[in-house]
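Try each task yourself before you read its solution.

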Amino acid sequence: MRILIVEDDPAIAAGVSAALRQGGHAVDHVSDGGTADTALRDTPYDLLVLDLGLPGLDGSEVLHRLRRRGTSLPVLVLTARDDLRERVRVLDLGADDYLVKPFALAEFEARVRALLRRYTTQGAPELAIGRLRLDLPGHRAWVDETPLELTAREFGLLEALAARPDRVTSRSQLIEALCSWDEELTDNGLDIAIYRLRRKLAESGTQVRTIRGLGYLLEEVPAGSAPADEPAGHQR
Ligand code: CA
């Protein structure tokens with residue numbers, strides 16, 4: 001999942017960024033409200049972690065503008081103030097959850113998992129496609145009861161495809177889902193990741209099908225047919 005962290009306290013930003021990257025997420029960090037507002041318009045995120053007290057544009061205004069654009073992006077607010085009026089105000093502005101500083105990283109990670117679960121699998125702890133099961137927030141996958149050994153990149157790819165069942169995901173959408181600003185994924189790198197994921201899914205009853213000129217589709221292998229084993233050609 002791709003996550004934007006908006007936080008001007010360097011220590012908190014470093015802590016939450018490291019925790020999320022360790023969880024296999026692509027993380028972008030900005031430290032002021034104006035840059036956050038621009039990033040939210042330009043980049044498709046799966047979650048926003050938003051500090052309220054920010055230089056420049058206030059966090060509340062960032063959230064207000066985001067919701068006014070009609071987006072349902074899940075938002076976890078970090079606030080320094082713990083009083084009833086503040087909590088009500090934050091939720092009324094459109095936050096999905098909030099944490100009062102200082103907080104334990106374990107609780108932060110649990111709230112992120114809960115929010116991502118709610119938005120990616122409609123609250124179900126797992127997503128199933130044929131015999132393939134995915135625990136998206138926990139970054140685990142199984143074929144029947146056998147765990148699938150995937151790298152962070154392979155899991156990210158599978159996650160990006162699985163989050164859009166029966167819909168084609170383009171190469172640029174995959175790259176945006178997999179990479180933060182300071183990372184790079186070349187066309188060749190994406191091809192290699194797709195090739196490796198296909199090999200690992202060979203016995204899963206699901207396949208990554210190339211839709212020429214459009215992108216990729218994760219689907220169940222129709223009964224009686226062999227999985228498509230075509231090379232991952234460039235699709236643009
Ligand atoms: Ca702050």
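**Exercise 1. Find out which residues of helix α5 are buried, and where around the helix they lie.**

This is a predicted model, so keep that in mind as you work.

Step 1. Go along α5 and pick out the buried residues: they are F108, V112, L115, L116 and T120.

Step 2. Recall a general point about helices: an α-helix has 3.6 residues a turn, so residues three or four places apart point the same way.

Step 3. Now look down the axis of α5. Its buried residues fall within an arc of 115 degrees, so they line one face of the helix.

Step 4. Look for what covers these residues. The cover includes β1, α1 (10–22), β3, β4, β5 and β6.

Step 5. α5 has 16 residues and spans 22 Å from its first C-alpha to its last, close to the 22 Å expected at 1.5 Å a residue.

**Exercise 2. Work out the strand order of the five-stranded sheet, and name its edge strands.**

Step 1. Start with the order, which is β2-β1-β3-β4-β5 in an open sheet with parallel pairing.

Step 2. Look for strands that pair on one side only: these edge strands are β2 (26–30) and β5 (97–100).

Step 3. Compare the directions of neighbours. On average, neighbouring strands of this sheet are turned by 15 degrees against each other, direction ignored.

Step 4. Zoom in on one pair. Strands β3 (residues 47–51) and β4 (residues 75–79) run parallel and are joined by four bridges. In this pair, D51 stands opposite L78 of β4.

Step 5. Bring back the helix of the previous exercise. Helix α5 (residues 105–120) lies across β1 (2–6), β3, β4 and β5, and runs at about 175 degrees to β5.

**Exercise 3. Describe the four-stranded sheet and the helix that lies across it.**

Step 1. Read off the order, β6-β7-β8-β9, in an open sheet with antiparallel pairing.

Step 2. Find the edges. β6 (127–129) and β9 (146–147) each have a single partner strand, so one side of each is left without a neighbour in the sheet.

Step 3. The bridge partner of W142 in β9 is P147.

Step 4. α6 lies across β6, β7 (132–135) and β8, running at about 105 degrees to β7.

Step 5. Pick a residue of this helix: A160 is in α6 (residues 152–162). A160 is buried, with a relative accessible area of 15%. Not counting residues up to four places away in sequence, A160 touches T169, L174 and A177.

**Exercise 4. Which two residues does a cis peptide bond join, and which residue other than glycine has a phi near 50 degrees?**

Step 1. Start from the general rule: most residues other than glycine have a negative phi, and most peptide bonds are trans.

Step 2. Locate the cis bond, which joins K101 and P102 with an omega of about -5 degrees. P102 sits in the loop between β5 and α5.

Step 3. Locate the positive phi: it belongs to D144. D144 is in the loop between β8 and β9, and is partly exposed at 36% relative accessible area.

Definitions and conventions: Residues numbered from 1 in each chain as written. Predicted model: local features only at pLDDT ≥ 70, side-chain atom pairs only at ≥ 80, totals over all residues. Heavy atoms only, no water. Helix = DSSP H or I, 4+ residues; strand = E, 2+ residues; numbered from the N terminus. Buried < 20%, exposed > 50% of the residue type's maximum accessible area, 1.4 Å probe, protein only. Contact = heavy atoms within 4.5 Å. Pairing = 2+ DSSP bridges. Axes fitted to C-alpha atoms, helices over the stretch in contact; angles between N-to-C directions. Expected span 1.5 Å × (residues − 1). Arc of directions from axis to C-beta.
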